[in-house]
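Welcome! Here is a short tour of one protein chain, from a single residue out to the whole fold. Please have a look at the sequence and the structure first.

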Amino acid sequence: DYNIYALTVVDQNRTQDAIQQLSKMLRHMLYDNQEDAVPLSDEIQFLENYISLMKIRLSQNVEIIFNHQKCKAGVMIAPLIFISLIENAFKHGISPMAPCFIHIDMTASDKEIICRIENSNHPKSLADRSGHGIGLNQVERRLELAYPNRYIWEKGLSDDGKSYLSIIKIKL
């Protein structure tokens with residue numbers, strides 16, 4: 001990862017932390033991805049590691065909040081449901097010049113999991129767009145396979161076009 005490479009010149013301790021976070025992420029992706037369900041706490045840790053790595057390259061004008069304190073212990077979830085949405089938030093929600101934000105709020109009970117992701121909207125130019133919606137298609141497919149007829153996914157731009165909101169509600 002270029003972020004980690006650049007960090008090696010600046011801060012050796014942060015570099016070691018970043019490599020350890022990357023290692024944990026890869027382990028989760030390789031092994032836990034094979035499971036039908038993983039503890040939500042493991043998935044949250046995976047997302048926290050991803051966010052920490054992404055923060056390495058961000059300026060001070062980015063506000064990132066990940067609130068998951070209202071998640072009941074022991075809840076299970078299909079792995080890697082939310083990562084593409086968070087990747088998209090970083091891809092389309094960050095501007096090098098303008099103030100921007102990514103707010104992630106996750107709650108979980110024995111009956112449902114709700115993940116709400118809102119980010120500022122800084123769309124990429126046509127030349128800079130990669131993927132063309134592949135991540136969103138993967139999210140839809142994973143939800144359909146793991147939770148057929150048991151999820152609602154609301155997504156779209158705000159009326160003023162300044163933010164993007166994605167809310168997934170999964171019935172357990």
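Is leucine 80 buried or exposed? Leucine 80 is buried, with a relative accessible area of 11%; buried means under 20% relative accessible area, exposed over 50%, and partly exposed in between (1.4 Å probe, protein chains only).

A word on the model: it is predicted, so local features need pLDDT of at least 70 and side-chain atom pairs count only at pLDDT 80 or more, while totals for chains, interfaces and linings use all residues. Residues are numbered from 1 along each chain as its sequence is written, and side-chain values use heavy atoms, with hydrogens and water left out.

Leucine 80 sits in the loop between strand 3 (76-77) and helix 4. Helices (H or I, at least four residues) and strands (E, at least two) are DSSP runs, numbered from the N terminus. Isoleucine 44 is 36 residues away from leucine 80 along the chain, and their C-alpha atoms are separated by 10.0 Å.

Now step into helix 4 (residues 83-93), where serine 84 lies.

| Residue | Relative accessible area |
|---|---|
| Leucine 80 | 11% |
| Serine 84 | 8% |

Leaving aside neighbours within four places in sequence, serine 84 is in contact (heavy atoms within 4.5 Å) with Gly135, Gln138 and Val139.

What about the interior? In soluble globular proteins, nonpolar side chains tend to be buried together. Methionine 106 touches, among others, Leu40, Ile44, Phe66, Phe82 and Ile114, not counting residues up to four places away in sequence.

Finally, the whole chain. The protein chain has 5 helices and 7 strands, running α-α-β-α-β-β-α-β-β-α-β-β from the N terminus on. Of its 172 residues, 38% are buried. Among contacts with a separation of 6 or more, 70% join residues 24 or more positions apart.
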